[in-house]
Amino acid sequence: MLGHSYPCFQTGLRLNMTAMAPENHLKPKNPRILCLHGFRTSGRILQAGIGKWPDTILRDLDLDFLDAPFPATGKSDVERFFDPPYYEWYQASKGFKEYRNFEECLAYIEDYMLKNGPFDGLLGFSQGAFLTAAIPGMQEQGTALTKVPKVKFLVIISGAKFPGLMFGEPKAAVNAFSSPVRCPSLHFIGERDFLKTEGEVLVESFVEPVVIHHSGGHIIPKLDTKAEEKVLSFFQGIRQMLSDEPAPVRSLM
């Protein structure tokens, strides 16, 4: 269960070029993003999918791919394409009336963020997108990730609200969408995704969401020129938002 860090998708030494530049020539910082993979896959598998996006997008992102805390408890849908190991973030009963290890999952993510952060935003696919979408609301409600800074933006691929919310499960997320989510968000919705309708319902919970529709199914889509421009514009706004934040006060002690 590892985190795979890919600043600009280069392994090895993490170079902070802005720290070496004169203060009056600082460029906007690259957003640091914690990436949460899908059900019974892995950080490595998610990295392989995101890695197909254009370099014009990836070169200005600092991406960290985390493996979920629990080994897969059943067959993975990606076994034909990717070797194990596979992981899952939590478990749910067939009717989504019971969730297991959900609080443990949140504690695991928070611990990783404490040790490896700070992170500016989250990217999630499928089960990882369920978590990603709910985390700002859970932070706002004080039910999860209270020891780390609030997430500043989201990238949600094939996401939805937790199906168990209609039954009051998982408890930590019950009120995650009780108010409009004001966290900037980028949503990918596939025309042939079995979660298409749920993804469209999720979008309605966000204030000024950016939405990209693609012709595929439950996948990380390749980006055509129009989608690439939309993603670049989204992250341009995120970098501007981060650069406008006040600099942290440095202690003289």
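Colleague: What makes the charged end of Arg32 count as sitting over the ring of Phe119?

Modeller: A charge sits over a ring if NZ of Lys or CZ of Arg is within 6 Å of the ring centre and within 35 degrees of the ring normal. The charged end of Arg32 lies 4.4 Å from the centre of the Phe119 ring and is placed over that ring. This is a predicted model, in which local features need pLDDT of at least 70 and side-chain atom pairs pLDDT 80 or more, while totals for chains, interfaces and linings use all residues. Residues are numbered from 1 along each chain as its sequence is written, and side-chain values use heavy atoms, leaving out hydrogens and water.

Colleague: Why is Glu169 called buried?

Modeller: Buried means under 20% relative accessible area, exposed over 50%, and partly exposed in between (1.4 Å probe, protein chains only). Glu169 has a relative accessible area of 12%, so it is buried. Its place is in the loop between β9 and β10; helices (H or I, at least four residues) and strands (E, at least two) are DSSP runs, numbered from the N terminus.

Colleague: Why is the pair of Tyr90 and Tyr99 called tilted?

Modeller: Rings of Phe, Tyr and Trp (its six-membered ring) pair if their centres lie within 6.5 Å; planes under 30 degrees apart count as stacked, over 60 as edge-to-face and the rest as tilted. By this rule there are twelve aromatic pairs. In the pair of Tyr90 and Tyr99, the centres are 5.7 Å apart and the planes 40° apart, so the pair is tilted. Both Tyr90 and Tyr99 are buried.

Colleague: What makes the pair of Phe153 and Phe235 edge-to-face?

Modeller: Their centres are 6.1 Å apart and the angle between the planes is 85°, so the pair is edge-to-face. Phe153 lies in strand β9 (residues 153-157) and Phe235 in helix α7 (residues 225-244), so the pair ties together parts that are 82 residues apart in sequence.

Colleague: How do you know that the buried residues of α7 line one face?

Modeller: The arc is that of the directions from the helix axis to the C-beta atoms. The buried residues of α7 fall within an arc of 140°, so they line one face of the helix. Among them are Ala227, Val231 and Leu242.
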